[in-house]
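Dear colleague,

Here is the structure for you to look at. My notes on its aromatic rings follow below.

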Amino acid sequence: MRQPNLTDVALFAAVVEAGGFRVAAQKRGMPASSISDCVRRLESDLGVRLLNRTTRSVYPTEVGARLLERLRPALDEIDAAFSDLDDEAKQPVGTLRLNVPVPIARFVLPRLIPAFLERYPGVSVEVAMDNTFIDVVASGFDAGVRYEENLAKDMIAVPIGPRRQRFVAGAAPAYLARHGTPQHPRDLLEHRLIGHRFESGKLGVWELEKDGEIVRVPPQGPLLSSSQDLEVGSAVAGVGIIYTFEEYLGPLFEQGALVPVLPDWWQGFDGPYLYYNDRRHVPSPLRAFVDFLKAENGG
């Protein structure tokens with residue numbers, strides 16, 4: 001006896017349940033002749049007749065009925081497994097692992113993750129903060145968030161968060177009272193600047209822009225750090241001028257703790273993207289998050 005084909009077994013059961021090849025074919029969306037061929041192949045593989053065929057009806061033989069009775073629990077379990085896959089697509093279950101820069105974790109995700117978790121109660125989220133570009137798959141993450149200039153071409157990118165952002169400069173009122181207010185980016189060379197060094201070791205060069213003119217200023221001053229919180233706190237304390245994401249300084253401008261510096265030269269840039277590997281089988285929590293982001297962005 002040859003090992004039977006599971007598709008042939010399922011079609012045999014479908015014919016018995018439907019009471020004939022024609023109805024089974026309609027339900028399955030395939031030609032009745034194809035189903036008949038599959039059942040004949042199953043009978044040949046097993047070496048027994050499973051169906052009695054007449055001009056008016058089709059019904060199982062005694063052997064066929066016994067076989068179907070034994071197979072029914074297994075077929076039901078297979079159907080349930082595929083149904084679970086369909087349910088998972090609609091109500092995913094599992095963990096979504098994200099790797100994001102610190103500003104994304106601080107300013108973007110808090111507006112998204114609570115609503116996402118409420119929408120998909122079967123999903124949990126793990127977030128790791130990392131400002132360097134990484135291979136998310138090799139590092140065990142489902143997706144990352146970075147800016148467009150750092151995205152590999154073989155990655156799928158989906159917009160997340162604000163579509164336009166700005167770097168803004170500011171200083172404490174006391175600092176400006178002592179050292180004066182810059183009127184042009186070249187004046188920054190005479191000021192105490194708070195610099196940022198990335199985890200890669202690269203120094204963040206300030207880039208200011210106005211009417212097509214771009215001025216780049218390597219920050220020189222008393223503080224160079226990889227901590228945005230330290231840099232912002234030091235600026236508030238009067239250590240020097242800071243140039244960073246508007247999200248960090250905007251509230252401080254409103255409170256009067258910092259004063260805008262060179263606002264006409266603040267540089268805008270495109271917002272961040274969720275990126276993930278171009279693979280056929282996307283984990284259901286990630287697929288749900290992508291769908292969620294697309295809905296947030298209006299489709």
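**Aromatic contacts**

Phe245 counts as buried, with a relative accessibility of 10%. Keep in mind that this is a predicted model.

Now to its ring partner. There are 13 aromatic pairs in the structure. In one of them, Phe245 meets Phe167. The ring centres are 5.2 Å apart and the planes stand at 65 degrees, so this pair is edge-to-face; the cut-off for that class is over 60. Phe167 belongs to strand S7 (residues 164–171) and Phe245 to strand S12 (residues 242–245). The pair therefore ties together parts that are 78 residues apart in sequence.

Is Phe167 buried or partly exposed? Phe167 is partly exposed, at 24% relative accessible area.

Phe167 has another partner, Phe269. Here the centres lie 4.7 Å apart and the planes are at 35 degrees, so the pair is tilted. Phe269 counts as buried, at 15% relative accessibility.

These rings belong to a cluster. Ring pairs join Phe167, Phe245 and Phe269 with Tyr147, Trp206 and Tyr243.

Two arginines are also worth a look. Arg119 sits over the face of Tyr120, 4.5 Å from the ring centre. Arg163 lies over the face of Tyr273, at 4.8 Å from the ring centre.

Best regards

Methods:
Residues numbered from 1 in each chain as written. Predicted model: local features only at pLDDT ≥ 70, side-chain atom pairs only at ≥ 80, totals over all residues. Heavy atoms only, no water. Phe/Tyr/Trp six-rings, centres within 6.5 Å; stacked < 30°, edge-to-face > 60°. Helix = DSSP H or I, 4+ residues; strand = E, 2+ residues; numbered from the N terminus. Buried < 20%, exposed > 50% of the residue type's maximum accessible area, 1.4 Å probe, protein only. Lys NZ or Arg CZ within 6 Å of the ring centre and 35° of its normal.
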